[in-house]
Amino acid sequence: MFAGVIAVARSPSSAIAVVSELRADGPFTQTVLGVTMVTDVVVILLFSLCTELADCLLSTAPERGVADDHVAIPPQISFLLRVASELGLSVLHGMTLSALCFVVLRLPLRALRQACLLLVASYAFAAQPLLVFAMRALSWPITPRLQPMLSCIVAGFIVCNPLGERRRLTALLHSTMPPVLCFFFFTTGIGMHLGVLLRTWPMALGLFTIRLVSLAAGSYVGCVIVGAPTHFRR
């Protein structure tokens, strides 16, 4: 399951970085970015479902919420409750982030807006560890999970659509993005271990080839189905 989810995953940060560096624009660029963003949402949801399903199937301890002293919760119900709580909390977290972004956009100085936006982004990904710490301090038996990426997508959707701040948020993101992308690619390079690649290169090469062929075939079939222009299918 996880191999399939990883194969579907794309990198929105890399796509946005390439588009920003080349200053690309037009129907094809907008289509690529739209498909990448939709794929990112689907991957986050699929990864959450696979994680919770694996946790329900492998965990039998009472503190994981499968059973207690009086009531035994079926694994199917436990799985649905976990997924619903995770998605619900992620959406609520995204609404909080959208409110913070709306306040940031109202700040007077550009440098102040950039600094506060970085703080909001840090809070978006620090919320899960803080939540775990709070639940452990309160000795709660169950620790809910958040999906920061899904929360950020929800926040961006709310700020750009219901709140109508698409242009201001886009301009602020473009001016703040270079240092963020720099750290992103730095961490990507740090996470690459040549020793692991030397031991697993046949599997990595096979996964790369299968994923490349699948993406090419899926893109071509999708373009044919929606009737996209011929040059989009190349």
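The model is predicted, so local features were taken at pLDDT of at least 70 and side-chain atom pairs at pLDDT 80 or more, while totals for chains, interfaces and linings use all residues. Residues are numbered from 1 along each chain as its sequence is written, and side-chain values use heavy atoms, with hydrogens and water left out.

The protein has 8 helices and 0 strands. From the N terminus, its elements run α-α-α-α-α-α-α-α. Helices (H or I, at least four residues) and strands (E, at least two) are DSSP runs, numbered from the N terminus. Of the 234 residues, 27% count as buried. Buried means under 20% relative accessible area, exposed over 50%, and partly exposed in between (1.4 Å probe, protein chains only).

Helix α1 spans residues 2-8 and contains Gly-4. Gly-4 counts as partly exposed because its relative accessibility is 40%. Its C-alpha atom is separated by 9.7 Å from that of Phe-47, 43 residues apart along the chain.

The largest pocket holds about 1700 Å³ of space. A pocket is an open set of points on a 1 Å grid over the protein atoms alone, where a 1.4 Å probe fits, with protein on both sides within 12 Å along at least five of seven lines; lining residues have an atom within 4 Å of a point. Points are joined across faces, edges and corners, and the volume is the space filled by probe spheres set on them. The lining comprises 44 residues. Ile-16, Met-37, Cys-152, Leu-173 and Met-177 lie nearest the pocket centre. Two or more lining residues come from each of α2 (12-22), α3 (27-58), α4 (75-105), α5 (110-137), α6 (148-160) and α7 (166-190). Helix α7 gives the largest share, 12 residues. By class, the lining has 29 nonpolar, 11 polar and 4 charged residues. Here Ala, Val, Leu, Ile, Met, Phe, Trp, Tyr, Cys and Pro count as nonpolar, Asp, Glu, Lys and Arg as charged, and the others, Gly among them, as polar.

Side chains of opposite charge can pair when their charged atoms come close. The structure holds 2 salt bridges, each defined as a side-chain nitrogen of Lys or Arg within 4 Å of a carboxyl oxygen of Asp or Glu. In one, the closest N and O atoms of Arg-106 and Glu-165 are 2.8 Å apart. This pair links distant parts of the chain, 59 residues apart: Arg-106 sits in the loop between α4 and α5, and Glu-165 in the loop between α6 and α7. Arg-106 is partly exposed, at 43% relative accessibility. Glu-165 is buried, at 8%. Arg-168 also forms a salt bridge with Glu-165, at 3.9 Å from N to O. Shared partners join Arg-106, Glu-165 and Arg-168 into one network. Arg-168 is partly exposed, at 40% relative accessibility.

A nonpolar surface patch is formed by Leu-194, Leu-197, Trp-201, Leu-205, Phe-208 and Leu-212. Together these residues have about 670 Å² of accessible area, calculated by the Shrake-Rupley method with a 1.4 Å probe, with only the protein chains shown counting as cover for residues. Patches are made of residues with over 30% relative accessible area and no salt bridge; like charges are joined within 9 Å, and nonpolar side chains (Val, Leu, Ile, Met, Phe, Trp, Tyr) within 5 Å. Leu-194 belongs to helix α8 (residues 194-226). Leu-194 counts as exposed, at 62% relative accessibility.
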